[in-house]
Amino acid sequence: MVSHDAPATPQPRAAGVPLIELRGICKRYGGGAQPQVEVLRDVSLTIHAGEFVALVGASGSGKSTLMNLLGCLDRPSAGTYLFNGRDVAGFDDDRLAWLRRDAFGFVFQGYHLIAGESARENVEMPAIYAGVPAPVRAQRALALLARLGLEARRDNLPHQLSGGQQQRVSIARALMNGGGIILADEPTGALDSHSGAEVMALLRELADAGHTVILITHDRTVAAQAQRVIEIRDGRIVADSGVAAHRRDVAPAQPRKRDGFSTWRTDLHEAARTAWRGMRMNRTRTGLTLLGIVIGVVSVIVMLAIGEGARQQVVAQMGSMGTTIMYMSSRPPPSGGPRGELTPDDLDAVAALPQIRRVMPVIGDPVTVRHGRVDRELYVLAASEDMPSIHHWKVAAGRYYTASEDRDLAPLAVLGHKASVHFFGDGPPPLGRQLLIGNSPFEVIGVMAERGADSGAQDYDDMVFIPYRSGRARVYQAMTQPDYVVVEAASSADVLAGEAAMRRLLVARHGGREDFGIGNAAARLQAEVATRRSLAVMLGLIAAVSLVVGGIGVMNVMLMTVRERTREIGIRMASGARQADILRQFLTESVLLSVVGGVAGVLISLVLGAALAASGVAVVLSVSAMACAFAFAAVTGLVFGWMPARTAARLDPVVALAGE
Ligand code: ADP
Ligand code: MG
């Protein structure tokens, strides 16, 4: 059944150097507050390649402790361990992991299979840490299972296998990376006599095939099947049947090269696969943890969207009203008295202020406008040629009047879109046509672009625009001063200072009386934008806190996972997983958790955002906010997964193996 290709990379062994040599090994437990127990005392032992050794002793005599030392799962308290002539004390954790991976194969009394993985996956596992490509791995695992008569059971989970079958799976796993040295700790201890005999036969065959087999047992009849029997009592070797004839053509493992990039990819892929399985195995728990992340991500995205929506609403308002526009008009001072008068000199002085760019006096009143037999009360706005540019408004047809035409009192008119349609219909623009405004004839020279819904309380589309001076001369002869003055600040940053400067200037010019008012919509809007922005930031922060809470959930669940899977971690370490492998695996698990939560969160926020938008809430879902929330979630997984993953990676293999 068992044959040929088993031992790792055959290499001529340095002549005479034993495979394993222990010199004066001691192992003590306790110390400090606890009483110190000496479990192994001055153990010296030499084992050559190809030997089949049985370590026999009563329960508690220190056999397992010795095996853990031999298998580099543990370090001695004193003494020297030479592996193939080299002192293992000088090996770092990764090199010890390499030895476990390539040189040793462990078989335990309790089988120690990974519960959620099939027979085949259990057998494959050590090869993952050796960086063997998946197809090669699968093929070799199947071949080993077939060799051990388990072909039909390859997809069974451990609990679907009998004890004997599980032990055979664990032997196949021990052989996966070569298993030059098989360390079997009471392999038949939990088996019925028939299965036990089968397993022993298997170990004998392995020994015959050239594997070094170290068998630990309390049963002398089992031990008798080995070539050499070493007896241990109270941590001391009390008898040794001596070095038997052993094969000298067997060599210990040599480190195998792991190809950097493909290994990295394989590792990540494997970690993701295991992580995914772990998530599926604990669906409820995973779901609840995900919920935490999802709530965090959704609240970040939706809060930012609502904040941004509110901000953009104000900004849109500012766009139509202008961010630099103030309004000024005369009025009675608050202390009583007549209303003031804004003279042309006042306006010139205001326009000369450094914070002010332009000043546009306006007179506007409903006036009867007539064309042919059609007449109508229309709002006639007399203002300077700056009107379109101050209001960010375009002329759709014809042109606007110029400054010199205003000075010359030219009787020219530009129509709002609706006004034009009212008098002249939908046809070509009525350029050159005549209108009677009040009692004066005006010539239409242009039509404004349609302004639509944003024109505010007054419908700007239904107005007539005429030059300020010619308006005063021909229509508004009774007016001594403008109805109001539009003042444009040099920039939106100058609005507040401009308002203050204007107020000071005019108070001084009006003999200390504040007989005018300044309306500063721009400043109010700016303040509003600032408030809404800080509100949005605050909402975002609160949402971020909920994401952090989600992250703490991830940490919690990962700590639980690590604790539940301590044994699995131990098994993986015994199979050669390095600390980095374990760290990567658990980190991948937490990141996967948070990434899945992040994706779900983004999707849900899209739906929620659409629903909010449909119900009339101003929301602006931005890709950058979603990307941010997603990245934040992933980073949360990384940050909060780090501590549990490191806890897992730093577990002592022996302690982990003994764990629940
Ligand atoms: P065996 O495998 O021969 O039954 P072990 O090697 O498991 O024996 O244990 C040998 C002795 O060491 C036992 O008395 C046990 O109580 C003690 N021992 C094992 N591990 C520890 C530990 N981590 N701390 C303290 N004592 C331990
Ligand atoms: Mg034991």
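Mentor: Let's talk through domains, a sheet and the cores.

Mentor: This is a predicted model, where local features need pLDDT of at least 70, side-chain atom pairs count only at pLDDT 80 or more, and totals for chains, interfaces and linings use all residues. Residues are numbered from 1 along each chain as its sequence is written, chains are lettered from A and ligands numbered from 1 in the order written, and side-chain values use heavy atoms, leaving out hydrogens and water.

Trainee: Which domains does the assignment give?

Mentor: Domain 1 (20-262), domain 2 (268-315 + 528-657) and domain 3 (325-522). The bounds come from an automatic or database assignment.

Trainee: What separates the centres of domain 2 and domain 3?

Mentor: 58 Å, taken over C-alpha atoms.

Trainee: Now the sheet. What's the strand order?

Mentor: β2-β1-β4-β5, an open, antiparallel sheet. Strands are DSSP runs (E, at least two residues), numbered from the N terminus. Two strands pair if DSSP finds at least two bridges between them.

Trainee: Which strands are at the edges?

Mentor: β2 (34-47) and β5 (86-87).

Trainee: How many bridges join β1 to β2?

Mentor: 8. In one of them, Y29 partners V37 of β2.

Trainee: New topic. Which residues have the most contacts inside the largest nonpolar core?

Mentor: I20, L22, Y81, F83 and F104, in a core of 68 residues. A nonpolar core is a set of buried Ala, Val, Leu, Ile, Met, Phe, Trp, Tyr and Cys residues joined through side-chain atoms within 4.5 Å. Buried means under 20% relative accessible area (1.4 Å probe, protein chains only).

Trainee: Where does this core lie?

Mentor: Domain 1 and domain 2 both give residues to the core, so it lies between them.

Key. Helices (H or I, at least four residues) and strands (E, at least two) are DSSP runs, numbered from the N terminus. Buried means under 20% relative accessible area, exposed over 50%, partly exposed in between (1.4 Å probe, protein chains only).
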